[in-house]
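Please keep the sequence and the model in view while reading.

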Amino acid sequence: MSDELEDYILSHSEAEPEYLYRLWRATNVYTIHGRMASGHLQGRLLKMLVEMLQPQTILEVGTFSGYSAISMAEGLSEGGRLYTFEINDEMEDFTRGWIEGSDVADKVEFIIGDALTEAPKLGITFDMAFIDGDKRTYRECYEMVMEILRPGGFILADNTLWDGHVVDHAYDSDHQTQGIEAFNDYIAQDPRVEKLILPLRDGLTLIRKK
């Protein structure tokens, strides 16, 4: 997508909240992998999907700087709760400050730890999940989420096109690419779910548990 077309899309979409713009800027200035933040377009999509699906409980695997967590929490109705796990404890000070300083801080539970082992311990049946953690463990994460997701619940999986590497054999030996490819192939054949890959940013897969 050209920069001109991207600018056109953003100018004709819901405006990015000023707080999230500042978070996006800070993420790119103070972290090494700033592009991992969801950003304007995906952030507004996440908020709208939450508003459409009306989950009361959301699980996020991979908080990073908190952009996606805040975006989804904006769409939660009264009493809704989002539980977000970040395995990298070096992100805690940066991310916790931004989440706690947001208008939706009371809707977000930010947890440092491995969601694969810790999320099931919450004892919660989730309505929706957003998977955006280690690409090498996407399939394992998916199976964990399926165990604690209600029938009819939704899973969103980010980065499922992986910069186009999923169809570029030059990256066949890359472990992250292998993880995404294994996940995509597995989901495509899983009769327990309906699925659709959206070519948005780096690929976003929408999954509905039957």
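Is aspartate 132 buried or exposed? Aspartate 132 counts as buried, because its relative accessibility is 14% and buried means under 20% relative accessible area, exposed over 50%, and partly exposed in between, with a 1.4 Å probe and protein chains only. The model is a predicted one, in which local features need pLDDT of at least 70, side-chain atom pairs count only at pLDDT 80 or more, and totals for chains, interfaces and linings use all residues. Residues are numbered from 1 along each chain as its sequence is written, and side-chain values use heavy atoms, with hydrogens and water left out.

**Salt bridges**

- The structure holds 13 salt bridges, a salt bridge being a side-chain nitrogen of Lys or Arg within 4 Å of a carboxyl oxygen of Asp or Glu.
- Aspartate 132 pairs with lysine 135, their closest N and O atoms being 3.0 Å apart; lysine 135 is buried, at 7% relative accessibility.
- Aspartate 134 forms a salt bridge with arginine 136, with 3.0 Å between the closest N and O atoms.
- Aspartate 134 is partly exposed at 32% relative accessible area, and arginine 136 counts as partly exposed at 49%.
- Lysine 47 and glutamate 51 form a salt bridge with closest N and O atoms 2.8 Å apart. Both residues lie in helix α3 (residues 39-53), 4 residues apart, about one turn of the helix; helices (H or I, at least four residues) and strands (E, at least two) are DSSP runs, numbered from the N terminus.
- Glutamate 51 is partly exposed, with a relative accessible area of 38%.

**A buried lysine without a salt bridge**

- Lysine 107 lies in the loop between α5 (92-100) and β3 (108-112).
- Lysine 107 is buried yet has no salt bridge, and the nearest side chain of opposite charge, glutamate 78, is 5.6 Å away; Lys and Arg count as positive and Asp and Glu as negative, while His and the chain ends are not counted.
- Apart from residues up to four places away in sequence, lysine 107 touches Ala73, Leu76, Ser77, Gly80, Arg81 and Leu82, where contact means heavy atoms within 4.5 Å.

**Helix packing**

- The axes of helix α2 (residues 18-30) and α5 come within 11 Å and cross at roughly 170°. Axes are lines fitted to C-alpha atoms, for helices over the stretch in contact, and angles run from 0 to 180 degrees between N-to-C directions.
- The two helices, α2 and α5, are therefore roughly antiparallel to each other, since angles over 145 degrees count as roughly antiparallel, under 35 as roughly parallel, 65 to 115 as roughly perpendicular and the rest as oblique.
- On the α2 side the contact is made by Tyr19, Arg22, Leu23, Ala26, Thr27 and Tyr30, and on the α5 side by Phe94, Gly97 and Trp98.

**Positive phi values**

- Phenylalanine 64, in the loop between β1 (57-61) and α4 (67-75), has a phi near 55°, a positive value in a residue other than glycine.
- Tryptophan 162, in the loop between β5 (149-158) and α8, likewise has a positive phi, near 50°.
- Phenylalanine 64 counts as buried at 12% relative accessibility, as does tryptophan 162 at 19%.
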